[in-house]
Structure formats: C-alpha cells, structure tokens
Amino acid sequence: MIVQHELNHFINTNREKIQQELTHHLHQLDIPEQLKNSMIYSAEAGGKRLRPILLIASFNAYSDDVSKVLSSAVALELIHTYSLIHDDLPAMDDDDVRRGHPTNHIKFDEATAILAGDALLTFSFELIANDVYLTDNQKVQLIQLFSKASGPKGMVAGQILDMEAEKKAVTLEELETIHALKTGELFRFAIRSGAYLGEATREQIAHLDKFAHFLGLIFQIQDDILDVTGDAEKIGKPVGSDETNEKNTYVKLLDIDGAVEKKEYYVSKAKKELSEANADASYLMALVDYLSNRDH
Ligand code: GRG
C-alpha cells in the first residue's frame, strides 16, 4: 500500500517531468509570436496536471520507464488546456478567471484564444505522431483513442449536451451522461492509453476502463461538493458559483449528504474494478482517495 508521502512524491516528481516536457515542446515552436505566447500562457498557467499524472500512474502499473509516455501525457494536458480556453470564451461560459489568472481571451483577445485552442488541439496530435518512443502501431492506436475521447463522440458531445441542459432541470442519469462525456472521456483516455502502452491485457484494460469511468464521476462529484464547501482561494473560483450560474450539479440534485454518499459508492466501485484488473496499480489505487478527498 502507498502511504501519503509516497503518493505526494509520485505526484510531485511526475508533475515536474510533465512540466519540463511541456515547456520543451512549446518553447521550441517556431510559430507566430502572439500564437506561441497565448498557447504557452494557458498551458503554463498552473493546472493540477491530473490527467497526465493518471496516464503515468496507469502505465506505472506495468513499467517504470516514464519517458515512453511523457509526450502522450503532455498531449493529453494540451487537449485539456484547449478545452478550458474554449470553455471560457464569451460564446460558452464567458469566464474571466481560470487557474487564478485572467482567461486567455481576457489576457489576449477572443480570436487569439480561439486560435490558441485550435493550435493546442492539433499540436497534441502532432506530438503523438512524432513520438520517437512509440511504434507506428501504437501511434495509430493512441490517435484513434484520443480523437474519439476528445471529439464529437466524447468531450465535444459532452460540452454541447451541457450547454443544452443549461438553466433547465436534468435527471441524475442525464447529468451523469454529460459528465461521462465532458470530463470522463479524457480520464478514460488517460487510464486506457497508459495501460495500453504498458502492454496490459485486454481483460485488464476492460476493468481499467470501468475504473476510469467511476474515477471521472468521483472527480466531478468532488468538484460539485467543493463548489459549496470549498475554500475559494484553493479552488480558484468563488464558492457557490455553480448555484449562481444555475448549473446542474450532484449537490443540486442530491444535496451534500446525497452527493457524498454517491461519491463513496463510486469509490468502492472504482476500487473493486481496479482490484479485478489484477495489476500492480498501487498508485492508481492511492489516487482514488486522493481525488475523492481533494480540496482543490
Ligand atoms: C470546449 C470542447 C470543449 C470542451 C470543454 C472540460 C471542459 C469541456 C470544460 C471545462 C469546464 C468544467 C468546469 C468542466 C468540469 C471538469 C473540470 C472541473 C475541469 C477542470 O479540470 P481540472 O480541475 O483543471 O483538472 P486544472 O486547472 O487543474 O487543469
């Protein structure tokens, strides 16, 4: 079993590696300066790097050679960053602050923010296609998984369903479909691609896939809970913003106690799937509680 300080060490050292790799790829780009600055601005604005850390933790169940998955992990973070830039645009959530800093379109302008998002999205696929650590077959598999998770059958579908559901009541089932697509698909990609590159068996990947689905929901429920009970400084946005913006959340549908109960149910489901995957996935196991109890 992994104890807290080992998990912290795992997270901090891998976050540092991801940061270095990300900086390396973006700073070497020979592209128009405004575009480069706006891409770097959002990518280096200080996110938690959860998705790449999950990818590495999943791979770590099979191999210690993190260099093999670093570019894929960075590609995943860049797609996540693109989604946040576009989500903050006036046409979508119209937010002025992200990760404690002015959003991309406030710092630069709307057109630049749209293009920075487009550039991060497309560049992430270039990173995978050019990754010298992957075989051609692995590149194709990864690009297929990644485009499905982030595209019209995944995150983009979740985003439009979320917009359509704004300011109207949704059922718990509808809410979970939105989250599974909008947030969950990138979590699933993280876990699935890490296991695939670690050469997990099909049976293991099937369990890890279900594990990732529950982990995405745990992350989202805690996000909703933090919006009510969290510390504004730590979560980087005002407490109660979901209620102010009439967002559909677990807390709105189930109250705090019901949301906590639901989260604990998914924690047990996630751990069961992970045990059944029968892999040496101690960091993934520790990350379940970490995500469930996070304060930001
Ligand atoms: C624009 C196609 C498109 C999709 C946007 C992910 C997303 C879809 C929108 C972000 C809005 C949001 C609040 C989604 C819920 C998931 C969530 C809390 C995302 C933020 O992820 P963190 O907490 O962020 O990992 P950091 O800043 O740490 O990277």
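Predicted model: local features only at pLDDT ≥ 70, side-chain atom pairs only at ≥ 80, totals over all residues.
Salt bridges come first: the model contains 14 of them, where a salt bridge is a side-chain nitrogen of Lys or Arg within 4 Å of a carboxyl oxygen of Asp or Glu. Residues are numbered from 1 along each chain as its sequence is written, and side-chain values use heavy atoms, with hydrogens and water left out.

Glu-77 and Arg-49 form a salt bridge with an N to O distance of 2.8 Å. This pair links distant parts of the chain, 28 residues apart: Glu-77 belongs to helix α4 (residues 70–88), and Arg-49 to the loop between α2 (33–43) and α3 (50–60). Helices here are DSSP runs of H or I with at least four residues, strands are runs of E with at least two, and both are numbered from the N terminus. Glu-77 and Arg-49 are both buried; buried means under 20% relative accessible area, exposed over 50%, and partly exposed in between, with a 1.4 Å probe and protein chains only.

The second pair is Asp-87 with Arg-98, whose closest N and O atoms are 3.7 Å apart. Here helix α4, which holds Asp-87, is linked to strand β1 (residues 97–98), which holds Arg-98, across 11 residues. Asp-87 counts as buried because its relative accessibility is 13%, whereas Arg-98, at 27%, counts as partly exposed.

Glu-276 has 38% relative accessibility and so counts as partly exposed. Salt bridges with shared partners also join Glu-185, Arg-188, Arg-192 and Asp-209 into one network.

I turn now to helix packing. How do α9 and α10 cross? The axes of α9 (residues 172–197) and α10 (residues 202–229) come within 8 Å and cross at roughly 135°; axes are lines fitted to C-alpha atoms over the stretch in contact, with angles from 0 to 180 degrees between N-to-C directions. The two helices are therefore oblique to each other, a class left over once angles under 35 degrees (roughly parallel), over 145 (roughly antiparallel) and 65 to 115 (roughly perpendicular) are set aside.
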